[in-house]
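Hi,

Here is the structure I promised to pass on. Have a look at it first, and then read on for my notes.

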Amino acid sequence: ILMLTVGGSHRPIVTAIRSLQADRVVFVCSAGSKGSQTQVIGEGTPCEVRRGTEVIERLPNIPKQAGLGDRFDPNRDLILIQEPDDLSECYHRASSGIQAIHREFPDAQIMADYTGGTKSMSVGLAMAALDHQATLYVTTGNRTNIIKVDRGELTAQAVVAPLVAQRTIEQFLPIVLQQYNYPAATAELKRLLSSMALPSETKRQIQDLYACCSGLDAWDRFEHEEALQFLEPQMKRSEIQQLVIFLKQVISSRGQMDKKFDASNGINGHGYEIVQDLLLNAERRATQERYDDAVGRLYRAIELLAQIRLLKFYGIKTGDVETQQLPESLREEYEKMQSPDKCKIELALKNSYELLSKLADDPLGQLYQKNANKIFGVLEIRNNSLFAHGFQPITSSNYQQFSKVIVTFIQSGIAAVISAKAKSNSSQFPTNFNI
């Protein structure tokens, strides 16, 4: 289906129709008795061939010249512009026309030739075509002056791929990256790569952006190994280099707790990087206003902090406590907690921190004792949510209250148990790339 703007000259319009051989042609015309609509639906010979001001030939309307016959229906295939110099109206009418075609024929190939009409009509159709992924064409020939093409018009596809790519990189990507919406970013970049012939430099730029966004998308889903495969080749970029170092520390930290996870590509850090990773992930969910998800990640982070501390420093697994790992004074107390059906001792969040507080001079246990009331006060927000034991949605205010207590405690707890020399490379994902 071809959509084209019609101006004062019929010749390039006829050339475009004959060249592109569309199954249907939709004309965008200025309205009124002196508008270009007369060249499309005018009776007799409304089209004029001029030499200067002299009319040297009169011809039938454009559909008849192009031999459209029954393929042209003026009630269906005519879009009238009341104010042809109003860019807003021109764009709106063209955009609405393209959308109507998409609804009626979802699989149709839509072509748009913006040669004719006022400047606003041409720009309006071109903008609408770019926004709705129609293929753009222009009909032109060798110019002998800057006024018009005198002869030998040819219809050719307009080269818009670099323009579309640049608009995506400069306008679309910054918006979705500010929202950490990596699926949207990768989908749009993938569409660009698969649907357009791009210059090699632009193609390389988009491929690099796609790799970075795919890596961060995988990381955002806790697919740490997949994220490393995408991001490690991009370490020549300073912002990615620091991220990859932290990612490798996260992989190592996770491997200490998750024995089914391949941590061979990790590098040792202070050991609590997986907790920091959860804090950053929760921050991204809050930016997206997904407060239930954010609180869920913070809950897991505070739980994991105690689990890592108990395993890393005391060799105690909270999912299966071996009493010989405990001080002798505590063994009898914890043997009573053994599950009769599972024959093992399991510690939930509160019991894990209470155990730490009973271990002599443990800095995390001491910090917990000072903050226990505040922690379990805000944990009610999580417990009353649909994601836990209740039905109460978590609001922005709830999240801020929860985050203030839990994040402060976790950050203080990590600082209390790691060496003063331990360096953290943790940082939030970038919201732009210098590519």
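Where is the place of Tyr180? Tyr180 sits in the loop between helix H6 (161-178) and helix H7 (182-195). Before I go on, please keep in mind that this is a predicted model.

I'd start with Tyr180 on the screen, as there is a bit to see there. Most residues other than glycine have a negative phi. Tyr180 is not a glycine, yet has a positive phi of about 55 degrees. With a relative accessible area of 9%, Tyr180 counts as buried, because buried means under 20%. Tyr180 also belongs to a cluster, in which ring pairs link Tyr180, Tyr182, Trp219, Phe246 and Phe429.

A second residue goes with this one. Asp361 has a positive phi too, of about 60 degrees, and is not a glycine either. You'll find Asp361 in the loop between H14 and helix H15 (363-383). Is Asp361 buried or exposed? At 66% relative accessibility, Asp361 counts as exposed.

Now the aromatics. A search of the whole structure turns up 10 aromatic pairs. One of them is made by Tyr353 and Phe409: the ring centres are 5.6 Å apart and the planes stand at 65 degrees, so this pair is edge-to-face. Tyr353 is in helix H14 (residues 349-358) while Phe409 is in helix H16 (residues 396-417), so the pair ties together parts that are 56 residues apart in sequence. Both Tyr353 and Phe409 are buried. Tyr368 and Phe376 make another edge-to-face pair, with 6.2 Å from centre to centre and 90 degrees between the planes. Here Tyr368 is buried, at a relative accessible area of 6%, whereas Phe376 is partly exposed at 24%.

On to the charged side chains. How many salt bridges does the structure hold? There are 22 salt bridges. Some to click on:

- Asp208 with Arg204: the closest N and O atoms are 2.6 Å apart. These two are four residues apart in helix H8, which puts about one helical turn between them. Asp208 is buried at 11% relative accessibility, and Arg204 is partly exposed at 32%.
- Arg221 with Asp217: the closest N and O atoms are 3.6 Å apart. Arg221 is partly exposed, with a relative accessible area of 41%, but Asp217 counts as buried at 13%.
- Glu333 with Lys358: the closest N and O atoms are 2.5 Å apart. Glu333 is partly exposed at 36% relative accessibility, and Lys358 is partly exposed at 38%.

There is also a network: Arg24, Arg76, Asp77 and Glu104 are joined by salt bridges that share partners.

Next, helix H9 (residues 224-231). Which of its residues are buried? They are His224, Glu225, Ala227, Leu228 and Leu231. Looking down the axis of H9, you'll see these buried residues fall within an arc of 155 degrees, so they line one face of the helix. What do they pack against? The buried residues of H9 pack against helix H8 (200-220), helix H10 (238-257) and helix H11 (273-287).

Leu87 belongs to helix H4 (residues 87-104) and counts as partly exposed, at 35% relative accessibility.

Finally, a distance you can check on the screen. From C-alpha to C-alpha, Glu170 and Gln324 are 61 Å apart in space, and 154 residues separate them in sequence. Glu170 lies in helix H6 and is exposed, with a relative accessible area of 52%.

That's my tour.

Cheers

Methods:
Residues are numbered from 1 along each chain as its sequence is written. This is a predicted model: local features need pLDDT of at least 70, side-chain atom pairs count only at pLDDT 80 or more; totals for chains, interfaces and linings use all residues. Side-chain values use heavy atoms; hydrogens and water are left out. Buried means under 20% relative accessible area, exposed over 50%, partly exposed in between (1.4 Å probe, protein chains only). The arc is that of the directions from the helix axis to the C-beta atoms. Contact means heavy atoms within 4.5 Å. Rings of Phe, Tyr and Trp (its six-membered ring) pair if their centres lie within 6.5 Å; planes under 30 degrees apart count as stacked, over 60 as edge-to-face and the rest as tilted. A salt bridge is a side-chain nitrogen of Lys or Arg within 4 Å of a carboxyl oxygen of Asp or Glu.
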